[in-house]
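Please read the following note with the sequence and the model side by side. The points go from the whole chain to single residues.

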Amino acid sequence: VHNALGKIIIDSNNNPEHFLTSNPYYDSRVVGKYCEKRDPTLAVVAYRRGQCDEELINVTSKNSLFKLQARYVVERMDGDLWAKVLDPENEYRRQLIDQVVSTALPESSSPEQVSAAVKAFMTADLPHELIELLEKIVLQNSAFSGNFNLQNLLILTAIKADSSRVMDYVNRLDNFDGPAVGEMAVEAQLYEEAFAIFKKFNLNVQAVNVLLDNIRSIDRAVEFAFRVEEDAVWSEVAKAQLREGLVSDAIESFIRADDTTQFLDVIRAAEDANVYHDLVKYLLMVRQKAKEPKVDGELIYAYAKIDRLSDIEEFILMPNVANLQNVGDRLYDEALYEAAKIIFSFISNWAKLAITLVKLQQFQGAVDAARKANSSKTWKEVCFACVDAEEFRLAQICGLNIIIQVDDLEEVSEYYQNRGYFNELISLMESGLGLERAHMGIFTELGVLYARYRPEKLMEHIKLFSTRLNIPKLIRACDEQQHWKELTFLYIQYDEFDNAATTIMNHSPEAWDHMQFKDVAVKVANVELSYKAVHFYLEEHPDLINDILNVLALRVDHARVVDIMRKAGHLRLVKPYMVAVQ
């Protein structure tokens, strides 16, 4: 009944819309089908009431009623229906999309409808159409223009599908998720856009990182840092400048950032680049924040490198945590002796101070420091340096402190001798004789030196100090230098009468003395030497032969003496001896 009534009303055109929308009893499909030929718009009304999706799509497509179709699809919010109309197989898809974008969605005020439409476009993978759709909703002052999710979606879709529009959207939209969208832009290599996003949301550290890491423009980063004046931004700029080797600029940026965290890298870079003036400024800033031995030590070193010695003196008097011993050693190793001198004086490291002053040719000071250090190693270093510089008076002061150590005496002696300073060495040893701690080594060494370089003083020395000499050592020296008279004397002192007698006979021009020989001859152990003495006198001093034979009378075999003289044909010469023996 109701279907029939509907058809009559449609045919008679008696306000059919009212009936079709208000009558709950008719069958939408039947009445709709009836309307299709007569008035497709009424068919749409009927189908809409019964949610006859397929029939409605067909009739609107056939009659090009895409606006009605678009409104229906948007209102229906049905995923399957959206999938069907956005199917690439659908030849009317483009017309429908145009109507959805231009009319249906902008008219809608339901978030659910918009959300369903957006989801459908995303599912159908239509990014460009989605951008059109979102532009219409978001940019053209609809109810959703400030919607957070839609703004995010618009920019992210543009990043993926149409990067040329991203910058425009970033500038025009305000309510989107800056950090997340910015990261997406960086991933998509849209660095300028990412920079604009971070800047817009005052995420200055991320912004400057885009400039440094992606756009790689330190100049722009510096300019940006000047504009925002944030410590964290300057810090990032400084690290990048350091990486690029712009050490002076980096230090200036670190100072602006008030950032002390990278001080080890800065110190290393500044030393490599030799920018100590800048390093001093930086370390002074770091010191205000951190108590680090490394920082204080480097500051002293930097002062030394730029020759600000007065600053070092001031600095070490103030409270500081520098390891002054290490700093001093480092300055010394790098030949910054003036600065090292200040440090070693301050910490009373006299040994190091002495060798530092030697390097500075300040020998008098070095000797004074060595006296305070009072170690033989230091005395030696200073002494040898004074010898090399021909400062013999100072060298002698040092030398007197060394030669009292038996072990070091020889080293000093050799050092002087190798350089040909014999007189100075003898003078040093002579001074050493008067020391309280003078030992046998000094007397002996002086004897050896006399034997080598001043033979005229040798005999007197031996006679004076015979009890304090190492006689075997001096015997070797005299033998080597052929001082036979002195050698004989030493043999007698050492009770080596056989050697004494042999030496006298072998080197008689220098060594023979009749009275001395008589004394020696009596004490000789080897009897053969007595007969040798007879031969010696026969050849060289026949006038004294009876005298020596009288001394030897108790030690020799008279028959053998007579035999020797008979063979020589001079038996009558020894008649006095024979009478005496008889």
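How many helices and how many strands are there in the protein chain? The protein chain has 41 helices and zero strands, where helices (H or I, at least four residues) and strands (E, at least two) are DSSP runs, numbered from the N terminus.

1. Basis of the note. This is a predicted model, in which local features need pLDDT of at least 70 and side-chain atom pairs count only at pLDDT 80 or more, while totals for chains, interfaces and linings use all residues. Residues are numbered from 1 along each chain as its sequence is written, and side-chain values use heavy atoms, with hydrogens and water left out.

2. The chain overall. Of the 582 residues of the protein chain, 48% count as buried, a term for under 20% relative accessible area, with exposed meaning over 50% and partly exposed in between (1.4 Å probe, protein chains only). The protein chain exposes about 29000 Å², of which carbon and sulfur atoms supply 47%; these areas come from the Shrake-Rupley method with a 1.4 Å probe. Among contacts (heavy atoms within 4.5 Å) between residues at least 6 apart in sequence, 52% join residues at least 24 apart.

3. Over residues 549-582 the chain is 65% helix and 0% strand, with the end C-alpha atoms 13 Å apart.

4. Nonpolar cores. A nonpolar core is a set of buried Ala, Val, Leu, Ile, Met, Phe, Trp, Tyr and Cys residues joined through side-chain atoms within 4.5 Å. The largest has 126 residues, of which Tyr 282, Ile 300, Leu 331 and Tyr 416 touch the most other members. A second, separate core of 15 residues includes Ala 185, Ala 194, Phe 198 and Val 237.

5. Aromatic pairs. Rings of Phe, Tyr and Trp (its six-membered ring) pair if their centres lie within 6.5 Å, and planes under 30 degrees apart count as stacked, over 60 as edge-to-face and the rest as tilted. By this rule the count comes to 10 aromatic pairs. One of them joins Tyr 276 and Tyr 301 edge-to-face, at 5.9 Å centre to centre and with 75° between the planes; this pair links distant parts of the chain, with Tyr 276 in helix α20 and Tyr 301 in helix α21, 25 residues apart. Both Tyr 276 and Tyr 301 are buried. The pair of Phe 422 and Tyr 453 is stacked, because the ring centres are 4.1 Å apart and the planes lie at 15°. Phe 422 counts as partly exposed at 29% relative accessibility, and Tyr 453 counts as partly exposed at 28%.

6. Charges over rings. Arg 330 lies over the face of Tyr 301, at 3.6 Å from the ring centre, and the charged end of Lys 352 sits over the ring of Tyr 332, 4.7 Å from its centre. The rule asks for NZ of Lys or CZ of Arg within 6 Å of the ring centre and within 35 degrees of the ring normal.

7. In helix α37 (residues 514-523), His 514, Phe 517, Lys 518, Val 520 and Ala 521 are buried, and the buried residues of α37 pack against α34, α35, α38 and α39. Phe 517 also belongs to one aromatic cluster with Trp 512, Phe 536 and Tyr 537.
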